[in-house]
Amino acid sequence: MKIGNCEFDVNNHTYIMGILNITPDSFSDGGSFNTPDKAFARCEQMISEGASIIDVGGESTKPGYLPVSAEEEIERVAPVIEGIRKRFDIPVSVDTSKSLVATAAIEAGCDMINDVWGFQADRDLAYLAAKHNLPCVVMHNRRNMNYTDFLPEVLADLKQYVEDIKKAGVPNDKIIVDPGVGFAKTYEQNLEVIRNLEQVRDLGFPVLLGTSRKSVIGLTLDLPIFERVEGTIATTVIGTMKGCAFVRVHDVKENYRAIRMTEAILGKV
């Protein structure tokens, strides 16, 4: 798969997507990198630690988050994306559910769209991605948690999301799926979807796993947000073993080393 100017061997390796939140209120690092200088320094650090993609977000998606306008989100992410493009040679993803924000991000130089609503909240987003031939991360999410048969319904939802963006013109080779750990799922359901990542991969698309510092780890280990590195690493190792192409994390160095070791054991290095 090509993202920006880089080729990714999504069938044989697991790559790091480094999280860069340009927000005051994200659940883990809100306010830490919400000025350009701080954002660029953090980007440089993540690249040095092994990140292959930088994912820039301007709106928190934590439980109970306060939505921001497209204009405010653009003001947060567009200058940072433009600055990253000028300073670093790395693909940049924009984490947004709004086509207006994605338009500004594309003008600033982003290479991929990562939507926590699976391109369902703003249907223009898929047409925009198709127009610019951009890869899409299609994440599972719902407005409710009324499952009758959890895992088959998650897979069916993802299939439907994929069909929808394909109808908008996005080709198969530009689609990545994300099972949506931490979104519209109970603690037990989050564990179940991680346990069955190979079924997500069987949909036929590269899989992105996003578990970094999330509540499923905090609840399992009874630990606060900044003490969830080891728990995140455990999920990264599972994801690598089950064939995930990407993991989206805050703690790049530690997860990169875990991937390298896991791939060595699996004979992939």
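This is a predicted model: local features need pLDDT of at least 70, side-chain atom pairs count only at pLDDT 80 or more; totals for chains, interfaces and linings use all residues.
## Ground rules

Local features need pLDDT of at least 70, side-chain atom pairs count only at pLDDT 80 or more, and totals for chains, interfaces and linings use all residues. Residues are numbered from 1 along each chain as its sequence is written, and side-chain values use heavy atoms, without hydrogens and water.

## Two helices side by side

Helix α2 spans residues 70-87, and helix α3 spans residues 99-108. Helices here are DSSP runs of H or I with at least four residues; strands are runs of E with at least two. The two helices pack at about 20°, with axes 8 Å apart. That makes α2 roughly parallel to α3 (angles under 35 degrees count as such). The crossing is right-handed, meaning that the near helix is turned clockwise from the far one by less than a right angle.

Residues in contact have heavy atoms within 4.5 Å. On the α2 side, they include Ile74, Val77 and Ile81. On the α3 side, Leu100, Val101 and Ala104 are among them. By class, the contact has 10 nonpolar, no polar and 3 charged residues.

## Aromatic rings

Rings of Phe, Tyr and Trp (its six-membered ring) pair if their centres lie within 6.5 Å. The count comes to 4 aromatic pairs. One of them joins Tyr15 and Phe246, at 6.0 Å centre to centre. Their planes are 40° apart, so the pair is tilted (stacked is under 30 degrees, edge-to-face over 60, and tilted the rest).

Tyr15 lies in strand β3 and Phe246 in strand β10, so the pair ties together parts 231 residues apart in sequence. Both residues are buried (under 20% relative accessible area, with a 1.4 Å probe and protein chains only). Ring pairs also link Phe8, Tyr15 and Phe246 into a cluster.

Note on methods: Axes are lines fitted to C-alpha atoms, for helices over the stretch in contact, and angles run from 0 to 180 degrees between N-to-C directions. Angles under 35 degrees count as roughly parallel, over 145 as roughly antiparallel, 65 to 115 as roughly perpendicular and the rest as oblique. Ala, Val, Leu, Ile, Met, Phe, Trp, Tyr, Cys and Pro count as nonpolar, Asp, Glu, Lys and Arg as charged, and the others, Gly among them, as polar. Buried means under 20% relative accessible area, exposed over 50%, partly exposed in between (1.4 Å probe, protein chains only).
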